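This report describes the fold, the overall dimensions and the charged side chains of one protein. The sequence and the structure are shown first.

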Amino acid sequence: MQPSAPQYAERLTAPRSWWAITALVALSGGLIMLPLGVLPMLGGVIFAGALASALVSSYGSARIRVVAGSLVAGDARIPVSALGEAEVLDAEQARAWRFHKADPRAFMLLRSYVPTAVRIEVSDPDDPTPYVYLSTRDPEALAAALTAVRAA
């Protein structure tokens, strides 16, 4: 396998229900503009739909990748050598780490609509971040990819 080929890649897309809400926002934009005429109504549908779609798409475009010896999560790029063991979290454990167990210094890429997660200790003594919390639909595969890169 090439070192630049991703060992793990995931995109945390927004759920379908959010896209249904986006369609309702577009419809609402048209209804608000309806008293002004047909053309303003169409403009309201297009503008509200485009704005809502852009917001949902940008929030749902978070990516998690393990590539070239690094964990890339959102805008963060962390060398795997600076990370400790990955802990796979089921839905209940992930909820606990999102709320009452959470450390405000931690790097968290979380999406509430993804029930499972991975928590990875940061082993770099110069980094004040205690751990990385990543929402993921396949926590076992992410943990296995990190372990494989660490072993290589």
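The protein has four helices and eight strands, where helices (H or I, at least four residues) and strands (E, at least two) are DSSP runs numbered from the N terminus. Along the sequence these elements follow the order β-α-α-β-β-β-β-α-β-β-β-α. This is a predicted model, in which local features need pLDDT of at least 70 and side-chain atom pairs count only at pLDDT 80 or more, while totals for chains, interfaces and linings use all residues. Residues are numbered from 1 along each chain as its sequence is written, and side-chain values use heavy atoms, with hydrogens and water left out.

**Dimensions and surface**

The radius of gyration of the protein is 20 Å, whereas a compact globule of 152 residues would have a value near 15 Å; the radius is taken over C-alpha atoms, and the globule rule is 2.2 Å times the number of residues to the power 0.38. The C-alpha atoms fill a box of roughly 65 × 40 × 25 Å along the principal axes. Of the 152 residues, 39% are buried. Buried means under 20% relative accessible area, exposed over 50%, and partly exposed in between (1.4 Å probe, protein chains only). Among contacts with a separation of 6 or more, 66% join residues 24 or more positions apart, a contact being heavy atoms within 4.5 Å.

**Charged side chains**

The protein carries 13 positive and 13 negative side chains; Lys and Arg count as positive and Asp and Glu as negative, without His and the chain ends. Side chains of opposite charge can pair when their charged atoms come close. A salt bridge is a side-chain nitrogen of Lys or Arg within 4 Å of a carboxyl oxygen of Asp or Glu, and the count by this rule is four.

| Salt bridge | Closest N to O distance |
|---|---|
| Arg119 and Glu87 | 3.0 Å |
| Asp103 and Arg105 | 2.9 Å |

Arg150 is partly exposed at 29% relative accessibility, whereas Glu85 is exposed at 54%.

The salt bridge between Arg119 and Glu87 also links distant parts of the chain, with Arg119 in strand E7 (residues 117-122) and Glu87 in strand E5, 32 residues apart. Arg119 is buried at 10% relative accessible area, while Glu87 is partly exposed at 29%. Salt bridges with shared partners join Glu87, Arg119 and Glu121 into one network.

Technical notes: Charge placed at Lys NZ, Arg CZ, Asp CG, Glu CD.
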